[in-house]
Structures are given as C-alpha cells and as structure tokens.
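Subject: Structure handover

Hello,

Here is the structure I promised to pass on. Please open it first, then read my notes below.

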Amino acid sequence: ITQADLGALATGDSTCYYPPTLVTGVDTSSEIVIDEVFGPVLVVQTFRTPAEAVELANHTRYGLAASLWSESIGLALEVAPKLKAGVVWVNSANAFDAACGFGGVKESGYGREGGREGLIEYLTSRAPAAPAKAKGRKAAALLPRAPDAIDRTAKLYVGGVQARPDGGYSQRVQTGDTQWPATPLGNRKDIRNAVEAARKATGWERQSAHGRAQVLYFLAENTQAQADRLTATLAAFAGADCAREEVQRSIDRLLSFAAAADKFEGRVHQPPGNVVVMALNEPIGVIGQIAPDDWPLLGMVSLLAPAIAMGNRVVLVPSQRLPWIMADWVQLLETSDIPAGVVNLVSGARDELAPVLAAHADVDALWCLDAAPALATQLESLSAGNLKRTWVGSADSAAWADDVWAEPDRFLRQATQVKNVWVPYGT
C-alpha cells in the first residue's frame, strides 16, 4: 500500500495490533521513514547507487541495527562501515551472541551489552588521585615576558579561521601582576557556528588512521618549535618551572596519542556458526569539550588529541582562568595541516557555554572532567535530549599532570563507539 492508503486501512474494533504492511511511494521527509515503527510495518525505498543507499539508510536520528544484503561481499564490506548503526548484519538479520557486543548509536542509545565492550560499560573510570608531591601549583620565579610591540587581538577559532565573537564582547583576565590582553567572550550563537563547522568536516572521519597520526605528529613538532613562547605565556600563570613542565607534558601527550591513532584497533569475534563478527572502533562524531582551568595547555591537549586522533571533530571551551593560551594555540593549529572545522575553539564563561553544548542536538558527546557537582548534574540532564554520551566528573586539579592520564586507552575508549559487523563465511 502507499502512505495515502494508511488512514483507510481498518483493523477492527476488537483488535489491538496493526496488520503486516508494506509501505511504498514515500519520500525521505515522510514521518514513517524518519521515525521508528514498532510493528510488522516495512517501508521500501528504491536507490540507484550504493552511495544513495547509504544516504537513505542514514537519514534518521536512530541507529540500532542494519541488515545489508548484496551478491558482492566486497561491496557489502565497503558499505557496512558507512552505515550509522551499532550493528550491521551482512546477508543475515537478528543474529546475536553473548560474546559479541550489541547496541546502537545516535538516539538509539549509547553503550554496549555483550562481549568485552559490554563489560567495560559496567566499569567506572575514576580520576586518579594526585601524588602528594604534585599537589598545588604555585607561581615561582616568573620568566620575563617582553611586551608585545603590536597589540594582539585574540579571536575565536571556528571552521579553520579566526572569527570575532557574535556579541562583540571581550573579557580581561589578570594573573598575579600580569594583565592579559582581552580575549573574546563567546555566546550561544558562536557555539552554534562552531558545531555547524564541525558537522561539515566529515572528511576527517574518512581520513586514514595513519594520516591522522601524521597530522598529530606535525602538531607536536610545531608545539616543540614554539615551546619557549608557550612557556613564557604559562609562566605568569603558574611559574617558570611548572610552565616548562606543562609544555613538555603537552608535547609528550600529543606524541602519545599520535602513536596510538593507528593502533587502537578493533577485534574479531567467532560466535557459533559460519560467521565472524568484526568489532570496529568508530569515531563518535562531534564532541563538545570543556578544558580544565588549572592546566590551560595540558588540559586542552589531553582532551583534544585523543578525540581528533580517532576521527572526531571538536568544539572546545578553553580554560577560563587563562583563555589567552587559545591565541597562541590557534597559530599552531593553522600551520599543522588540521582541516577546517576539525578543531573549533570558543572562549567564554564555562557555566554559560557548557550547558549550550550539552543541550545541542548536533553534539554527540560531552567531556567536562573538572565540573562541580551541580554543573555535572545539569550537563547530564541537558544531554538526555538526544541521548548524548557524557564524560563528566571532578578530577583532582593536580592529577592532570600525573602520568596515568597519558595512558591512551582511557581517553580513546571515550572517543570511540563499537560497531559490530556480522559477516558470513564458509559453508
């Protein structure tokens, strides 16, 4: 039947079910195409090319499972990674095994049950306790900071270009005796612009893991070349010794995640029957991040590097206590071959910008690891609107410099979701 016939189809007053129905002649904007239908109802659409089929299949805010049928197993394996679904069955359907993960993406939920990835969902990743000797950052002897010959105007970094804030406002931050130049004060519109730019940068997700690693290595090299300038900026905030340590740890962390970019691999499960299940690690999409206040550079790098290493795009709110570090960092991003829209920086008040990211329907995940309990509760509540994946908590300030944070798997698991592709083989 066609959609026009649906209203005329009677089921009888004594029934509480809908009869098996095949729906044709509908377009992509039809409600029955976009929304889930719980019943024996099948919607059929035609396509001419595999690319068009993928576009039709992904035109929904849900993504629990997909069944892919093809005479060519090569074509099937080419299309399977492009489908936005947590499970893809090739030439089969409704296959399950306790050793193989199951779960959806987008508004079909996050997390997995079954297999190793399902077990991880029952574990809580705690922020490490800071070593006693690392607690407290005190500004010791400051490095001399030569005044700029020309006043620098810091801007937001959105879509690969420096942009003025929508509201035209700026803020001044003072650290000890240092009065920093004004930094832009972003608002809700700036967050929307950044998310839109991140959504368009889909080519980064399709970039090879090796290619993403090379970009991160290049960013680390450029950071090393500008280490003295970054140290001078941070010295007025935390002292010369702490500044040198923070810059070096930031470089080390970039190298660590660059090395892990093409090594955080999936698994192959062998459930009963003539089938193998490929558990593939895939990027989540657009991740909103709130950098910690006490480690302006190291905190920003620790959040940003694992996310983009796995193919995600990032909208990041820099440290509110030293937003000027964003001005120095932007110059490195512009010269490190990072495509436009992959990294977007919007400075401003975290209590205003973090809820906007949490409520945005086009943001797929939110990281804020030093949130106060009240803010963490608010962010998780707002994120429920589109089942956004959240990673919020109250990490100890000094813990960001601890080596345990350099363990790549802790962050890479948060930056990926597992897709299980069931592939038949043998006889």
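Strand 13 and strand 14 (residues 275-283) run antiparallel and are joined by three bridges. Within this pairing, H269 sits opposite V277 of strand 14. In general, strands of a sheet pair through backbone hydrogen bonds, in either a parallel or an antiparallel way.

Please keep in mind that this is a predicted model.

Now the sheet around that pair. It is open and has five strands, in the order 4-5-20-14-13. The pairing is mixed. Which strands stand at the edges? They are strand 4 (65-68) and strand 13 (267-269). Each has a single partner strand, so one side of each has no neighbour in the sheet. On average, neighbouring strands here are turned by 20 degrees against each other, ignoring direction.

Next, the whole chain. The protein chain holds 14 helices and 20 strands. It has 427 residues, and 47% of them are buried. Its accessible surface is about 20,500 Å². Carbon and sulfur atoms contribute 52% of that surface. Take the contacts in the chain with a separation of 6 or more: 71% of them link residues 24 or more positions apart.

Then the aromatic rings. How many aromatic pairs are there? The count comes to six. One to look at is F96 with F102: the ring centres are 5.2 Å apart. Their planes meet at 65 degrees, and over 60 counts as edge-to-face, so that is what this pair is. Is F96 buried or exposed? Its relative accessible area is 52%, and the cut-off for exposed is over 50%, so F96 is exposed. Elsewhere, one aromatic cluster is formed by F257, W367, W391 and F411.

Last, confidence. The average pLDDT of the protein chain is 85. A score of at least 70 is reached by 85% of the residues. Two stretches need a separate mention. Residues 129-136 have a pLDDT below 50, and the model gives this stretch nine contacts beyond near neighbours in sequence. Residues 138-147 also stay under 50. For residues 138-147, the model has 21 contacts beyond four places in sequence.

In short: a five-strand open sheet with mixed pairing, an aromatic cluster of F257, W367, W391 and F411, and a pLDDT below 50 over residues 129-136.

Best wishes

Notes: Residues numbered from 1 in each chain as written. Predicted model: local features only at pLDDT ≥ 70, side-chain atom pairs only at ≥ 80, totals over all residues. Heavy atoms only, no water. Helix = DSSP H or I, 4+ residues; strand = E, 2+ residues; numbered from the N terminus. Buried < 20%, exposed > 50% of the residue type's maximum accessible area, 1.4 Å probe, protein only. Contact = heavy atoms within 4.5 Å. Areas by Shrake-Rupley, 256 points an atom, 1.4 Å probe, with all protein chains shown as cover. Pairing = 2+ DSSP bridges. Axes fitted to C-alpha atoms, helices over the stretch in contact; angles between N-to-C directions. Phe/Tyr/Trp six-rings, centres within 6.5 Å; stacked < 30°, edge-to-face > 60°. pLDDT = per-residue confidence, 0-100.
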